[in-house]
Structure formats: C-alpha cells, structure tokens
Amino acid sequence: MKNMTLARIAEVTNGKLVLVPGCEAAKNQEIAGAVNDNRKVEKDFLFIPMVGARVDGHDFIEDAFSKGALASLSEKELDNPSGPYIQVQDTKLALKQIATAYRMELSIPVVGVIGSVGKTSTKEMITSVLETKFSVLKTEGNFNNEIGLPLTICRIRDNHQVAVVEMGISDFGEMHRLGDIAKPDIVVMTNIGQCHLEFLKSRDGILQAKTEVFEHMPKNGLVILNGDDDKLINADTLGLRKIFYGLNGQQINATDVKPNGFTGTDATLNVDDEHIDVTIPLPGSHNVMNGLAAAAVGKELGLTIQEIAKGLSKAETIAGRNNIITIRDINIIDDCYNANPVSMKASIEVLGKATGRTIAVLGDMGELGQDERELHYEIGQALEDNHIGYVFTVGDLSEEINKSLSQKNSSCMAHHYTDVDVMLEDLLPIIRGGDTILVKASHFMNFTKVVEALKERLA
C-alpha cells in the first residue's frame, strides 16, 4: 500500500508504534494490505483486531504473525509479541483513518454506488462493463458499511485502474463518514425507496441522508442519477455535473425492452446518438435499469458502446441477489440477502414471468418504521397482480401479506407460519417439476436456510 509505512500508520491513527528487537527497520516498511480477519492475513499485511460481541480479535494476533503479518494494531499493551504493533485507542476508528489516508495516495477513479435498492447488483454490472477495458477492484459481496468500505479501499493495488465501491447507510451522518473515506469521483444513485424508514422516517429523509456524499466529491465529479425516480430527478447535486439514465428518454436509456423469461432481457441501448442491441442475461426490468447505470459509468470512463454492450452481456448475479439456481427443471430464485417493499415487488414481478407453477416463500422486511405492517400488507397486491400460485410467509410482519391475500379472496394458495422449520415441512413435499420458487426476506430472517433446504431436497 503506497506510502503506508508503519511510521505513517502510527501517525494517521495517533497511535504508538512498538517495535520488537530485530524489527527496528520495519517502521519504514510499507504494509502489503490490511485485514481484520486473521484467516486472510498474507505476507507483510497489517492485522486489525476488533472486539466483537463474541470474539476478541486480539486473541488472534499471534496467529496473524505466524502467517506473515508485518504488524498488528492493538487496543492494549501486548506482552512479548512476535512482531511490531501499533497501540491505538479504537481499532475500528484506526481502520477508517488508515483507509482515508491511503485513499489520498490513490490516483485511480473511484465509483461509489448508492441507493435504497439494487446497489450490489448495479455494482456487479458496472464492474462487468468496466472489466472489458480496465483492471477493476470492486466491493466483495456487500461490504458497504463503515468497516467493509475501508477494508475495500485497503484492497486497492497498483495494478487496479478503477475501483467500484458500494456505500450503504441506515442513518443520518453515516454517508458523511463513508464519503470522507471513499471520496468518490463518480457516484451512481439507483433510487430512493423505503429502506431504513425506522431511522430516516421518510423518502425525503432517505434522500437527504444519501446525498450527504456530494460534499465529499471533487468539484469535477459526476453524479449519475436514475431519472425515473421521482426524488432523484430533482435532487440537488451541489453544482456537481449530473446525467440521468432511465426508460423514459433520459440521456442514457433503453427502448424495445423484451423479457426472455429467466434467460434475460433484450433491449436497445441508446447512449447519446449511438444505439446498439443488447442482451442482459438477468431477468426483470430493474436489471435493465442497473445496466443503464453501468452504461453511464462506462461512457464517462471512455468505453465505446460496443464495449459497454459486451460487458452487459456478461453480467452475473451473486448468491442471495436475484440469483437463479436451476436444478433439473426447477428454478429457485435466491433473493434472500435482503428485502424492502420495492425489491420485494420487483422479485415477485420476475417470479410472475415463470411458465410453470409459481411459489413465493416470503419473510419479514426490517427497518420500515411505523408503517411496517401496512407496507407488508401491500405486498399482497403484487402477488395477486402477478398471479402467483402459492405463497408461504414466515414471521410476525409477514402475516400481513397473508391477511391481505385472504381479504382479497385471492386465488393464491396462501399459508402463514411463525417458524421456518415448520414451513419447510409443508413446502418441500409439494415441489414438483417445472416449479419456480422465489425465496426472499430481510437478512435477519436467515432464509439462506430455505435455499439450502430446497437445494438438498432437489439434489
């Protein structure tokens, strides 16, 4: 990591560098990387132990040294350590200070992906497009918070030409802290939905919190906005240059959108005065929107429309994010990493395009504030509109979905449970050839268990 010597790290963290006999020269040596997981330590890495609810990372400092760590941080004085360490007051704060300092040493463009829904999918699609021309460092999974983001920044190496980082928040002030670390040159904002209403209260509050990032961008930075979103179309970007993408004639748009079931979506991509037919190998109109955001980033960084189309054609999903698993002739839509009303309805729309029996396995959506029950109730209409055949709901809030379907005298066969294991006892025996099963809930519902149970049943 350029210029990140142990002496420099001690300086930026206000820490005390403690050298051991024979390691005096290490203070002027650059670290090769920084991790908070001792299992990921490599030669000359800095290990950053953190104190969690169950595990104290300080217990693994010696293991980190045995794996070749150059040094470790520590919140306490160490007895006879095997290598040098920097004593700091708070290792989590120190991680952010290190990443902030390191970001200032980097000259590559950093793309920040922000929004209520679709951040991870859009990040993956942007990366797919940019990799047709550049070496790209991207956020792993959804490492998008105040620990994940600085760890991502610390993974940038000399060979990388662009970094694409996901930035997620749940309260006011968080985006200021993330923005100060990442200092993105380009920001993509996917939408303003109904996430984290428990803390941000309204969509206007969500917009306010997410746009804090603009204060941390360079004056020549670019903001790429979803022009189909009623909040973003009028967003104040503090004088920063902005362009819009969408399906309604924006600067970067798509026409002739044609769904091809689960094999993807065909469309004509329009970038200024250029046009090209593309196939996005992911179902749903929301993935077309994600593709348009990626096209906007590609255009800004000098890609041709042909390179953009090539990147879109290779886009992939990751586990838990609208990931379609096909076993024999049965499809599982694994979308269980997280959920909110917008993403829930989008996933139900995808499910509704299946040709065989459709089964929705849905759980509670978290952090929706005082209207949480009403927002769950509204999901029933989406299930009805998309003619979903069977609905299995689990959780206290998801009972509102079941209630909605019952009161509508819906043709959906709806079943509600308080326990996921009991639900599985009823679900698994009815699965048959040609079925498509959507599994979706907020992360705390642990619906990966449902996906694994289905895969085991069908293996």
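Colleague: At what pLDDT do side-chain atom pairs count here?
Modeller: Residues are numbered from 1 along each chain as its sequence is written, and side-chain values use heavy atoms, with hydrogens and water left out. The model is predicted, and while totals for chains, interfaces and linings use all residues, local features need pLDDT of at least 70 and side-chain atom pairs count only at pLDDT 80 or more.

Colleague: Why is E10 largely enclosed by the rest of the structure, and how many of its residues are buried?
Modeller: Both faces of E10 are covered, as the residues named above show. E10 is largely enclosed because, of its five residues, the number that are buried is five.

Colleague: Which residue in strand E11 is the bridge partner of Leu225?
Modeller: Two strands count as paired if DSSP finds at least two bridges between them. Strand E9 (residues 186-189) runs parallel to E10 with four bridges, and there Val187 stands opposite Val223. E10 is also joined by five bridges to E11 (residues 241-246), again in parallel, and the partner of Leu225 in E11 is Phe244.

Colleague: Is Thr237 buried or exposed?
Modeller: Thr237 has its place in the loop between E10 and E11. With neighbours within four places in sequence left aside, Thr237 is in contact (heavy atoms within 4.5 Å) with Phe214, Val223, Leu225 and Lys242. Its relative accessibility is 4%, and therefore Thr237 counts as buried.

Colleague: In what order do the strands of the open five-stranded sheet lie?
Modeller: The pairing in this open sheet is mixed, and the order is E1-E5-E4-E3-E2. Strands E1 (16-18) and E2 (33-35) each have a single partner, so one side of each is left without a neighbour in the sheet. From one strand to the next the twist averages 25°, an angle taken between the N-to-C directions of axes that are lines fitted to C-alpha atoms (for helices over the stretch in contact), on a scale from 0 to 180 degrees.

Colleague: Which residue of E5 stands opposite Leu17?
Modeller: E1 and strand E5 (residues 85-87) run antiparallel and are joined by three bridges. Within this pair, the residue opposite Leu17 is Ile86.

Colleague: Is Glu77 buried or exposed?
Modeller: Glu77 lies in the loop between strand E4 (71-74) and E5. Apart from neighbours within four places in sequence, Glu77 is in contact with Tyr85 and Gln87. Its relative accessibility is 63%, so Glu77 counts as exposed.

Colleague: With which side chain does the side chain of Asp44 make a polar contact?
Modeller: Asp44 is found in the loop between E2 and strand E3 (45-47), and because its relative accessibility is 19% it counts as buried. A polar contact is a pair of N or O atoms within 3.5 Å, where within protein one must be able to donate a hydrogen and the other to accept it, and residues adjacent in sequence count only if both atoms are side-chain atoms. At 3.1 Å, the side chain of Asp44 makes such a contact with that of Lys43.

Colleague: Which residue caps the N-terminal end of helix H11?
Modeller: Helix H11 (residues 341-351) is mostly covered, with eight of its 11 residues buried, among them Met344, Ile348 and Leu351. The elements that cover these buried residues include helix H9 (285-300) and strand E16 (330-335). At the N-terminal end of H11, a side-chain oxygen lies 3.1 Å from the backbone nitrogen of Val342, and the capping residue is Asn340.

Colleague: What percentage of the residues of the chain count as buried?
Modeller: The chain contains 16 helices and 20 strands, and its C-alpha trace spans about 75 × 55 × 40 Å along its principal axes. Of its 459 residues, the share that count as buried is 56%.

Key: Helices (H or I, at least four residues) and strands (E, at least two) are DSSP runs, numbered from the N terminus. Buried means under 20% relative accessible area, exposed over 50%, partly exposed in between (1.4 Å probe, protein chains only).
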